[in-house]
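I set out here what I looked up, beginning with the meeting of the two chains.

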Amino acid sequence: MTALSDVSTHAMASARWRISEVAFWVLALACAFLFPSRYLIMTDIVRLGLFALSLDLILGYAGIVSLGHAAFFGVGAYSAGLLALHGIINEPVIALVAAGLVAAVLGFLTSFLVIRGVDLTRLMVTLGIALLLEALAERFSDITGGTDGLQGIEMQPILGLFAFDMFGKTGLFYSLIVLFILFLFARRVVHSPFGLSLRAIRNNPLRAAAIGIPVNRRLIAVYALAAFYAGIAGALFTQTTALASLDVFSFERSADLMLVLVIGGTGYLYGGLIGAVVFKMLQELFQSITPQYWLFWIGLVLVVIVMVGRARIHRWVLFVPNLIIRQFAGRRAAVAMPEGDAP
Amino acid sequence: MTIALETRGLEKSFGGLRATRDLSLKVMQGARHALIGPNGAGKTTVINQLTGVLAPNRGRILLEGSDITGLAVHKRVLRGLSRTFQINQLYADLTPLETIGLAVSERMGRGGDWWRRMGTRSDVNAEIAEILSRFHLLDVMTELTSTLPYGKQRLLEIAVAIAARPRVLLLDEPAAGVPESERHDILAAVAALPRDVTVLLIEHDMDLVFSFADRISVLVNGGLLTEGAPDEVARDPQVRAVYLGEAADA
C-alpha cells in the first residue's frame with residue numbers, strides 16, 4: 001500500500017461504525033419492545049443519557065468542566081412548557097427544536113464567561129449561572145408558576161399523528177428517536193476536523209493555538225451546541241411528563257450528571273448513555289433495598305470506581321461478552337472495547 | 001533582500017526584571033538566523049512575544065512588513081509564522097496522523113468543518129502523507145503521541161510546525177533533550193527544511209548553531225550584544241567573554 005492510501009484508510013478508521021455500536025442501538029431498541037411495563041424508567045434513562053451526552057461534548061471533548069449544566073436543561077424544560085401551555089407552538093417536535101435553540105442562545109451568551117479561566121473558575125461560574133436561573137424562575141412566578149411549577153400543560157400529538165399515552169409508550173419511542181438522531185449528529189461532529197480540534201484544545205491549548213486553531217471560537221461553538229443538546233433533554237422532560245418545576249435547575253441535577261459521566265466515562269460518546277443506564281439501575285436497586293440511604297450506596301460505588309479505575313472495571317465487565325464473541329468470530333473480534341483501548 | 005521578520009524597540013518586563021531590552025532584530029528572507037545567548041538571556045521571552053503568547057510592553061513586531069504586534073496567536077500562524085517548542089507541546093491522546101491532519105486542515109481553512117469526517121479530503125490526506133514520510137513518522141502514525149520515543153516526538157514537534165506551511169519558522173532548541181542516538185534524525189530534519197522558509201533558530205548547542213546558521217544574533221540580559229556572520233561572532237571578544245567562555249567552562 002502506498003503512504004497515501006494508508007493515510008486515508010487510517011484517517012477514516014476512527015469514524016467507522018463498529019459492531020459493538022450497532023449492537024448497542026439494537027439492544028436499546030429491543031429493550032423498548034421487551035419491557036412494556038417499564039416505559040417510564042426507560043424514558044428517564046434516555047433523557048438522562050441525552051443530557052449526559054451534552055455534558056460529554058464539552059467535558060470529554062473540549063475539556064470544559066461544568067457544575068451547572070442543569071441551567072440549559074431547565075431553560076429547555078421551561079421553554080417547552082411555556083410554548084405548549086400558551087399554545088405558541090403546539091407541535092411537539094418544532095417546540096422541541098425551539099426550546100433547544102433558546103438553550104443554545106443562553107449557552108452562547110454564557111460561554112464568554114465560561115471559556116475564560118481555569119477549571120475551578122469554570123466550576124464556579126457554571127454553578128453560579130444555574131443557581132441564578134433557579135432564583136430567577138422562582139422570582140418570576142407569574143411566568144414560571146414559581147414553586148408550583150407550570151401547571152396544566154397539555155401535549156398535542158407528535159407531528160399531529162402520535163398522541164402521548166398514559167403508559168408512556170409514545171414518550172419513550174419519541175425520546176429514543178430524538179436521542180438517536182442527536183447522537184448521530186454528535187458522532188458526525190466529533191469525527192470532523194472541528195471535533196478533532198476540540199480534542200487538540202483539551203490536550204494542549206498552547207499548541208492548538210500554535211497551529212492556527214482559534215481556540216476561543218471553537219470552545220464557544222461547542223458550548224452552544226452542548227447547551228442545545230441539554231435544552232432538548234430538558235424539553236423532552238417537560239413534554240413526556242407534562243411538568244416543569246424549579247428542580248429542573250437544581251444543583252443535584254447537575255451533580256448527578258457528573259456522576260453519570262464518572263460511571264460511564266468521557267470522550268467516546270457512549271459514556272453518557274452507558275452511565276445513564278447504570279446510574280438509573282443502581283438508583284432503582286438501592287432505592288428498593290434502602291429507600292432512605294440509597295445515596296450512601298451511590299457514594300460507595302463512586303469511590304470504588306475512582307479507586308479501582310474505570311478502564312479496569314470495563315475490562316472485567318466486557319470479559320465474558322468478548323470471550324463469547326471470539327468463539328464465533330475469531331481471535332481479533334471484540335464486542336466492545338473498554339474506553340481506554342478504543343481508538 | 002527583504003526582511004521577513006523584524007522587531008523594533010521591543011521591551012518586556014516581569015515586575016522589576018527587564019527580560020527584553022530595546023531589542024531591534026531583523027531576520028532576512030530565506031535566512032538561517034540563530035539567536036543565541038547564555039541561560040536566562042531572555043531567548044524564550046523573545047519567542048513568546050514573536051508568536052503572541054506574551055504581549056510586549058513596548059515596541060513593534062513586523063512580519064513581512066506588516067505589524068502583527070497585537071495579533072492573536074492563531075492569526076499569526078495563518079499569516080505564516082510558525083514555531084516549535086523547546087519542551088514538546090504535543091497532543092498526548094492524539095496520533096501523529098491526527099496531529100498533522102489537524103494542522104493541515106487548519107491551514108487550508110478547513111479546521112472548522114464540523115460536517116465532513118476526517119480523512120475524506122484527498123488534498124489533506126496527500127499532504128499528511130507527504131509530511132509524515134518526510135519526517136519518518138509513517139510507521140508510527142497510528143500510535144498515540146504519548147507512547148512515541150522522545151526522538152520521534154521531537155520530529156513530530158517540527159513536523160506540526162511545518163504542516164502549517166510557514167514562511168517564517170521559529171525553532172526553539174530543536175535538539176534539546178534528544179539522546180545522541182536519535183540526534184542525527186533531528187539535525188537532518190532541520191537541515192532539510194525548505195530553503196524558502198526563513199528560519200530563526202534559538203539554540204544552546206554551538207555545534208548546531210555554527211553548522212546551520214548564516215547569521216547569528218547574541219542576546220545577553222535581554223538586549224542585543226552583537227550580530228553578524230558566524231565567523232565574525234565567533235571572533236568577537238565580547239561574545240567569547242560572556243558566552244563562548246561560559247560554554248567552554250560548562
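I first looked up the interface: 42 residues of chain B are in contact with 30 residues of chain A, where contact requires C-beta atoms, placed from the backbone, to lie within 7 Å. I note that this is a predicted model, in which local features need pLDDT of at least 70, side-chain atom pairs count only at pLDDT 80 or more, and totals for chains, interfaces and linings use all residues. Residues are numbered from 1 along each chain as its sequence is written, while chains are lettered from A and ligands numbered from 1 in the order in which they are written.

I then asked which elements of chain B give two or more residues to the side that touches chain A. They are helix 2 (73-78), helix 3 (96-107) and helix 4 (122-134) of chain B; helices (H or I, at least four residues) and strands (E, at least two) are DSSP runs, numbered from the N terminus. Helix 3 of chain B supplies the largest share, 8 residues. By class, I found 21 nonpolar, 12 polar and 9 charged residues on this side of chain B (Ala, Val, Leu, Ile, Met, Phe, Trp, Tyr, Cys and Pro count as nonpolar, Asp, Glu, Lys and Arg as charged, and the others, Gly among them, as polar).

Methods:
Two residues are in contact if their C-beta atoms, placed from the backbone, lie within 7 Å.
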